[in-house]
Amino acid sequence: MATAKKVAAKKAVAKKAPAAKKAAPAKKVAAKKAAPAKKVAAKKAAPAKKAAPAKKRTPNAAFLKPLTPSAALAAIIGASPLPRTEVTKKVWEYIKKNKLQDAVNKRLIKADEKLKDVLKKAQVDMFELTKIISGHLK
């Protein structure tokens, strides 16, 4: 008796499920039909405006100004004045050449003797690096 009730309950559920499935796609189809109408209206409005020609981005002069590194930083990158961008590139070259980046968490940089004079810590997050280095530039 108990198994007959279970079978009957499963059949009732099976009959209800297809009806629910049929109702859901109808809603999706209606939503899909409504969405393209909005996109078409937006595309028609866009050509009406005249597009300004794209201007080439000019670099910020503050990044290109040569700065003199401190004595501790000069031991790593050299004593000649360099722009901030070049200083950062040279520090990263030094870090990669000496394998100072943590193998597991690549955001951490382990300081060796030369780099410890600049960073003042044994380990630094890569996002702190440029902030610390900028304190060594004049």
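These legends walk through several close-up views of one predicted protein model.

Local features here need pLDDT of at least 70 and side-chain atom pairs count only at pLDDT 80 or more, while totals for chains, interfaces and linings use all residues. Residues are numbered from 1 along each chain as its sequence is written, and side-chain values use heavy atoms, with hydrogens and water left out.

**View 1. The whole protein, to get your bearings.** The protein has six helices and two strands; helices (H or I, at least four residues) and strands (E, at least two) are DSSP runs, numbered from the N terminus. Following the sequence, the elements come in the pattern α-α-α-α-β-α-β-α. Of the 138 residues, 19% count as buried, where buried means under 20% relative accessible area, exposed means over 50%, and partly exposed is in between (1.4 Å probe, protein chains only). Contact means heavy atoms within 4.5 Å. Among the contacts with a separation of 6 or more, 28% are made by residues 24 or more positions apart.

**View 2. Helix α4 crossing helix α6.** Here you see α4 (residues 84–97) and α6 (residues 126–134), whose axes come within 11 Å and cross at roughly 125 degrees. That angle makes α4 oblique to α6. The axes are lines fitted to C-alpha atoms, for helices over the stretch in contact, and angles run from 0 to 180 degrees between N-to-C directions. Angles under 35 degrees count as roughly parallel, over 145 as roughly antiparallel, 65 to 115 as roughly perpendicular, and the rest as oblique. The crossing of α4 past α6 is right-handed; a crossing is right-handed if the near helix is turned clockwise from the far one by less than a right angle, and left-handed if anticlockwise.

**View 3. The residues where α4 and α6 meet.** From α4, look for R84, V87, T88, V91, W92 and I95; their partners in α6 are M126, L129, T130, I133 and S134. By class, this contact has seven nonpolar, three polar and one charged residues. Ala, Val, Leu, Ile, Met, Phe, Trp, Tyr, Cys and Pro count as nonpolar, Asp, Glu, Lys and Arg as charged, and the others, Gly among them, as polar.

**View 4. The largest nonpolar core.** A nonpolar core is a set of buried Ala, Val, Leu, Ile, Met, Phe, Trp, Tyr and Cys residues joined through side-chain atoms within 4.5 Å. Of the 21 residues in the largest one, L73, V87, V91, I95, L115, L119 and L129 touch the most other members. Helices α3 (71–77), α4, α5 (113–119) and α6 each supply at least two residues of this core, and the largest share, five residues, comes from α4.

**View 5. H136, in the segment after α6.** H136 sits in the segment that follows α6 and counts as buried, at 14% relative accessibility. Neighbours within four places in sequence aside, H136 is in contact with T68, P69, S70, L73, D117 and V118.

**View 6. K114 in helix α5.** K114 belongs to α5 and is partly exposed, with 41% relative accessibility. Its C-alpha atom is separated by 8.2 Å from that of L73, although K114 and L73 are 41 residues apart along the chain. With neighbours within four places in sequence left aside, K114 is in contact with A75, I76 and Y94.

**View 7. M126 in helix α6.** M126, a residue of α6, is partly exposed at 24% relative accessibility. M126 and K106 are 20 residues apart in sequence, and 8.4 Å apart in space, C-alpha to C-alpha. Leaving aside neighbours within four places in sequence, the contacts of M126 are W92, Q101, K106, R107 and I109.

**View 8. Two lysines with positive phi.** K99 lies in the loop between α4 and β1 (108–110) and has a positive phi of about 55 degrees although it is not a glycine. At 70% relative accessibility, K99 counts as exposed. K120 is in the loop between α5 and β2 (123–125), and K120 has a positive phi of about 65 degrees, again without being a glycine. K120 is exposed, with a relative accessible area of 64%.
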